[in-house]
Amino acid sequence: MRIFHLSAECYPIAKVGGLADVVGALPKYQNLAGLQAAVVMPFYDRKFTQENEFDTVFQASTLLGTRRLYFEILKEKTDKLGFELYLVKIPGLIDRVEVYQYPDETEQFIAFQIAFLDWISYSQQSPDIIHCHDHHSGLVPFLLQHSKLYTRLANTPTVLTIHNGQYHGSFGWDKLFYLPEIDLSKTGLLDWGGAINPLASAVKCCWRYTTVSPTYLRELSISSNGLEYLFYLEGAKGQGIINGIDTDVWDPNKDPMIPNKFSIKQITKGKQANKEALCSRFDLSPDKPLISFIGRLVGEKGADLLPAAMEESFNEHPGGFNFLVLGAGEKDTETELLELKAFYPEQCNVFIGYDEALAHLIYAGSDFLLMPSRVEPCGLNQLYAMRYGTLPMVRSTGGLIDTVIDFGDEGGYGIRYNHASVEDICHAVTRALSLYGNTKHTQFLCKLMMALDFSWDRSAKEYIDLYKSLNPTL
Ligand code: ADP
């Protein structure tokens, strides 16, 4: 069974968030299960592309409106990631450093999709499934069915996975001419709210869509930035499949990014040694409980609540715990967090930026990981935290509901709270500190979490069953 995964991100080539982790792991596990899964993504001028060798497997030109674009498809030579990796390179448009936020992002992702379709169509490839991830490849299901350029592939089953339903990639109808010849009687399938909406179009035109957790599937028809009614209408096509984690990359016993490796047996010593390394780097006392936050500093993650919640908690528990942040995002939140650090220098430190190795050390060296998310489609941070024996403190939403059970409930191990509010975060901090005071109970919970299985094996199989249901001959 030959699968093409289409994505804007893939670890370790280019990562902004969880999308990269999933696309960097799922195909690997699908291949181990006997599939032929490949990843196709835009070319980025980054470490991975600079340090690895590629073959040019296809070259052609295509049209983006009236602009002729020359493109090539590069294949990584060795398949060292556990899957075939193809990069779409278009000089001057898709050959840059950053993944997002260029002013011509719409043009970039439309061109990426057209180049992919031209390639598989002209090189006579016949994938069994095309698996699109988020809005960046959301026009593919429509184009396959309603552009006469790709008629040969019109019956190829398409799957869409929604990693984040807040972002749709919408653009105005004035850019319709960027799309290759389409059946104009079908343009309604591109529209949502008076604009061309790639995510909405993908939901309408794909054969099946999945979300990265079952709870998030239900939540999309209540809150999805304007697509609620669409998800309500198309609900029968949806399926929630919880993300796994790449247990090769995220293994505290062999992680090259942490100074002290540890297994479940040496959890207390191992975590303490990593905590000391982390605290010494950030001038924090390793003798106090350490609560950390990792992630994009945006409203979705509840990051704007952190400064007030931490200030209140520092006042409520003077000298009682330390707080560490790794993230970047909205400038106001960054500034407020830096002010918090200036005000509580002995209890708080903040690293503004993106640092993969530091994230690993924080998972390994913290006692608690705080996630006051307003929206969390799956959330990977809590899974990494648990794998590294760190207790998650999560708001009850999306995938956090599906993966964390409060320690007060039967079989529980984490801390959950209902609202993304300063009050609920402060209450969670109080519960965390009182739990920390009971060393035996904390150690028991940490061991319990480390033994949980969040590997891809089960979820990869669910995707395979889904593919088979779309193409019974496979
Ligand atoms: P998102 O909504 O951002 O995709 P996820 O929980 O699905 O959230 O995935 C976040 C991923 O990005 C995790 O691997 C996390 O460790 C990583 N991450 C987020 N921010 C940073 C950062 N500033 N530095 C390093 N890694 C980060």
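Where does Asp 304 lie?

Modeller: Asp 304 sits in the loop between strand S12 (290–297) and H9. Two remarks on the ground rules come before the rest. This is a predicted model, in which local features need pLDDT of at least 70, side-chain atom pairs count only at pLDDT 80 or more, and totals for chains, interfaces and linings use all residues. Residues are numbered from 1 along each chain as its sequence is written, and side-chain values use heavy atoms, with hydrogens and water left out. Helices (H or I, at least four residues) and strands (E, at least two) are DSSP runs, numbered from the N terminus.

Asp 304 is partly exposed, at 31% relative accessibility. The scale is simple: buried is under 20% relative accessible area, exposed is over 50%, and partly exposed is in between (1.4 Å probe, protein chains only). Ser 201 and His 135 are 66 residues apart in sequence, with their C-alpha atoms 9.0 Å apart. Ser 201 belongs to helix H5 (residues 198–205). Its relative accessibility is 0%, so Ser 201 counts as buried.

The loop that holds Asp 304 runs between S12 and H9. Helix H9 (residues 306–316) is the main contributor to a negative patch, giving three residues. The patch lies on the surface and gathers Glu 311, Glu 312, Glu 316 and Glu 423. Glu 423 comes from helix H14 (residues 422–436). At 54% relative accessibility, Glu 423 is exposed. Patch members have over 30% relative accessible area and no salt bridge; like charges are joined within 9 Å, nonpolar side chains (Val, Leu, Ile, Met, Phe, Trp, Tyr) within 5 Å. Each charge is placed at NZ of Lys, CZ of Arg, CG of Asp or CD of Glu.

Asp 406 pairs with Arg 431, the closest N and O atoms being 2.8 Å apart (a salt bridge needs a side-chain nitrogen of Lys or Arg within 4 Å of a carboxyl oxygen of Asp or Glu). This pair links distant parts of the chain, 25 residues apart: Asp 406 in the loop between helix H13 (398–403) and strand S17 (415–417), and Arg 431 in helix H14. Asp 406 is buried at 10% relative accessibility. Arg 431 is partly exposed at 23%.

The model counts 24 salt bridges by this rule. One of them joins Arg 2 to Glu 84, with 3.4 Å between the closest N and O atoms. Arg 2 lies in strand S1 (residues 2–6) and Glu 84 in strand S5 (residues 84–89), so the bridge ties together parts 82 residues apart in sequence. Arg 2 is buried, at 17% relative accessibility. Glu 53 and Lys 77 also meet in a salt bridge, at 3.4 Å from N to O. Glu 53 is in the loop between helix H2 (47–51) and strand S3 (54–64), and Lys 77 is in the loop between strand S4 (67–76) and S5, so this pair ties parts 24 residues apart in sequence. Glu 53 is exposed at 54%, while Lys 77 is partly exposed at 41%. Elsewhere, Lys 15, Asp 21 and Glu 356 form a network of salt bridges.

The loop between S4 and S5 also holds Asp 79. Asp 79 has a positive phi, near 55 degrees, and is not a glycine. Its relative accessible area is 29%, which is partly exposed. Asp 283 also has a positive phi of about 55 degrees without being a glycine. This residue is in the loop between helix H8 (267–281) and S12. Asp 283 is exposed at 63%.

Tyr 11 and Pro 12 are joined by it, with omega about 5 degrees. Pro 12 is in the loop between S1 and helix H1 (18–32).

A nonpolar surface patch of about 390 Å² is made by Tyr 229, Tyr 232 and Leu 233 (Shrake-Rupley area, 1.4 Å probe). Leu 233 is part of helix H7 (residues 228–234) and is partly exposed at 48%.

Last, the cysteines. The model has zero disulfides, under a cut-off of 2.5 Å between cysteine sulfur atoms. For Cys 205, the closest cysteine sulfur is in Cys 206, 8.0 Å away, too far for a bond. For Cys 378, the closest is in Cys 10, at 17 Å, again too far. Cys 205 is buried at 5%, and Cys 378 is buried at 2%.

Definitions and conventions. Lys and Arg count as positive and Asp and Glu as negative; His and the chain ends are not counted.
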